[in-house]
Amino acid sequence: MAIGALDGITVLDLGTDIPGPYCAKMLADYGAEVIKIEDPAGGDPARRAGPFPGDIPHPEKSGLFLHLNTNKRSVTLNLKTATGRDILLDLVKRANVVIENGLPGAMDNIGLGWEDLAEVNPKLVMTSITPFGQEGPYRDYAAEEITVFAMTSRMYTHGQPDREPLRFAPDIAWFQVGQTAALATMGAIMAQERFGIGQRVDISALEALVGNVDARTIFYTISGQEPPPRSQTRQTVSSAAGVLPCLDGYVLLIAGGERFFRRLLRAIGHPELAQDPRFSTPVARAEHRDEFDAIFLPWILERTRREIFQQLQAYSVMCAPIMTVDEAFTDPQEVARDFFVEIDHPAAGRLLYPGAPFIMDETPWSVRRPAPLLGEHNEQVLCGELGLSKQELLALASQGII
Amino acid sequence: MAPLPLEGYRIIDMTEVWAGPMGTSFLGDLGAEVLRIESYPRASSSRPTEMRPLPPGSGAAVGRFAGDPNAPRPWDRSSSYHLANRNKKGFALNLATERGKELFYRLVSKSDAFVIGYSAGTATKLGIDYPVLREHRPDLIMVSMPGWGERGPYQDYVTLGSGLDAYAGHYYLRGYPDLDPTRTPQIFHSDATGALAMSFAIVAALRHRNRTGQGQFIDMSQVEVLLTHMPRPAMEWVMNNRVVPPVGNVDPTMAPHGAYPSSEEDSWVTIAVRTDDQWRALAGVIGEAWAQDERFASVPGRLRHRQEIDAHLGEWTRQQTNRAVTDTLEAAGVAAGPVYSITGPPSDPHLEAVGYYREVPHSLIGPYRRPGPVWHMSETPVQFRIPTNLLGEHNRDVFCGILGLSEEEYLELERQDITGDAYKPGADLDPEDRASS
């Protein structure tokens, strides 16, 4: 079997919930050896998040946890004990990367801060993910996904003017933060392997969200002009661009620009309208929108999402159906690409999971093992790799250290 | 000073709008030499040739200009282009000509990776698909990142990020629970996640090549990247055959959790309470009788009485600014944050204190402030070394410097419209429409 692109990289995942574990999953699914370090008292909180089969909570059956922790081994370790700390430092000596998402100072307080880890492994990469970064006035602020997202300015324009602004879907921002951490960690791994550099990677969720794609803010910082107030920046349905009702739901259409509007006219069998003075320029189109709608809306309303999608895409008109997440599972494209993969898990059974975010032809994304049971690999890692005896392992268990 | 992680690697960027260009900017941030090839003499969608009104509701702001709409070189002024392009050199090349193709192959032979962001047929049509390019560079890494991926029945389909958001189910999930989907704004979130996934893929492939000498082709579907980011609704369907409806700002495990009105017009503050300790802290700050209600003391009680709590809390927040609510609650250890408008992040005291926004030069529209990098690395910090490239700005660096053409040979390319540094009117229309307009 082909090896993964990240074969031979050893990662300790001390993360909880989404950002740290997702960062580690990106590395694990492309071949890194990831050991997940979990609190013996209950493990990663994502184990309690669900969804659960039949809505019955079970620490080994949480859908969020199962997805986020594929290809990882689980070792339980109470890092607040001296012995637990020593064992972690032994693991750090053999690791390339440590990933954690505790609040700033939390690792230092248990003697496992950046200086402590770098002392035992100077070439280590330590990736720390926090809401506001390791420095600055908000570093100790309490935060949840919604309170950080609100401060990016992305939320303000996301909603109707007479209503409260909305966050994006739950978890979406945290996934972006974890993915940012994965890229930065990958860069640091290259510096480690090529130049022998160890370093601290500090991910601020706020900066990761503000510094990626956001054209409105940079429009403001370049021009000094504030964009129109909320009421004027909202989605409104126009016939060539927007979200339109059709026979079995809604479609999203992006054909307002010159090139795409002309393609749209060809697709609906009215290429001659490009020369019609009512529709030949964007300004004219805006003035005669009702007249265009009289031609176009009947065409849309008598077709299904799939028909519109296929018939407009045949003319390279940008459009897409509004779907629910589950519809992608059976959509011809995802079926043809085998995107969803079946994974067998000892407690949760055989289930379909979202699969590879990208397909590497020579070093495939692969599931070598399902998400681990809590502490499943204690013996394998602590005895097999660190050389503890079975008696020592039992003693650690009886003291609540593992 | 330590070398940057990707120092010494050359990556050719042939992508448009946001996801691709942002991703290659991240590679530039990591130290790679990124060469951006730009469509010529036809303008790409990243380089609008005139100021035109956007359809209402489009959040894209592609083609929005900073400053005077009648200023020269509009294609160098679009703020969305500036957003997604830094730390790269740009050159223009007509790939539809034999000479253009030959020069491109020579450049590929001197490069480590190539990213293409067009629909799947394009590379083959242009004669630059992976089997062809491999003949010029056997260990080449190539990423193709069409919206729906390189392979499969939708390989030729076109869209912007908002269409991918719709198909992946995110558009549906993030709407108001009580309003129909036409009331949900379009967003371009898959551009952010596509940028990150593509650049991650390239670094991982470079790492593999370092160890084995093996290059490879990578097929990235931007939709599939986004589909890995919503596991809870996906697993709810897989496990329980249930379609999760939009939930707005509600969280199944926290109450209160949401956006609450503040004293100024159209101004909001977010508050999220996870634990009973945080609730007691919040109740202490509020100091009103309702907050002491025993029914609200535990998580299950608060979840059950969510609406009642929200109504009371909204009355309390309405009497103060969102900044005051945030400061008071954070001092008590309760998570809160103002819903910033566009002007918020650039003037936020924390981002100011950590020096997040950076002033960058630009010969036409600069200097201006742009958001900083998306990570801090202690030993290999990101520098904004190269300002946003003008069209054709680094033509000579590429054709003469890297490919070794003489000045006379270079000028011949310009004469034959194989390269250039300015577009003619109508350069962004399809050929059949250019004739008729």
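We may begin with confidence. The predictor assigns the complex an ipTM of 0.96 and a pTM of 0.96. For chain B, the mean pLDDT is 93, with 94% of the residues reaching 70 or more. One stretch of chain B, residues 53-62, has a pLDDT below 50. Where pLDDT is low, predicted coordinates should not be read in detail.

Turning to overall architecture, chain B has 437 residues, of which 56% count as buried. Its C-alpha atoms fill a box of roughly 85 × 55 × 50 Å along the principal axes. The secondary structure of chain B consists of 18 helices and twelve strands. The domain assignment places residues 10-228 and 357-436 of chain B in domain 1, while residues 257-342 form domain 2. Taken over C-alpha atoms, the centres of domain 1 of chain B and domain 2 of chain B are separated by 43 Å. Among the contacts in chain B with a separation of 6 or more, 69% link residues 24 or more positions apart.

The contact between the chains comes next. Chain A contributes 127 residues and chain B contributes 147 residues. On the side of chain A that touches chain B, helix H7 (residues 172-195) of chain A gives the most, with 16 residues. By residue class, this side of chain A divides into 75 nonpolar, 30 polar and 22 charged residues. Strands also pair across the two chains: strand E6 (residues 199-204) of chain A and strand E12 (residues 376-377) of chain B run antiparallel and are joined by two bridges. Within this pairing, A:Asp202 has B:His376 of E12(B) as its bridge partner.

Helix H1 (residues 19-29) of chain A is largely enclosed by the rest of the structure, because eleven of its eleven residues are buried. The buried residues of H1(A) include A:Tyr22, A:Met26 and A:Leu27, and also A:Lys25 and A:Asp29. Just after H1(A), A:Gly31 adopts a positive phi of about 120°.

Notes
Residues are numbered from 1 along each chain as its sequence is written. Chains are lettered from A and ligands numbered from 1 in the order in which they are written. This is a predicted model: local features need pLDDT of at least 70, side-chain atom pairs count only at pLDDT 80 or more; totals for chains, interfaces and linings use all residues. pLDDT is the predictor's confidence in each residue, from 0 to 100. Two residues are in contact if their C-beta atoms, placed from the backbone, lie within 7 Å. Domain bounds come from an automatic or database domain assignment. Helices (H or I, at least four residues) and strands (E, at least two) are DSSP runs, numbered from the N terminus. A residue is buried if 20 or more other C-beta atoms lie within 10 Å of its own, exposed if 12 or fewer, and partly exposed in between; C-beta atoms are placed from the backbone. Ala, Val, Leu, Ile, Met, Phe, Trp, Tyr, Cys and Pro count as nonpolar, Asp, Glu, Lys and Arg as charged, and the others, Gly among them, as polar. Two strands pair if DSSP finds at least two bridges between them.
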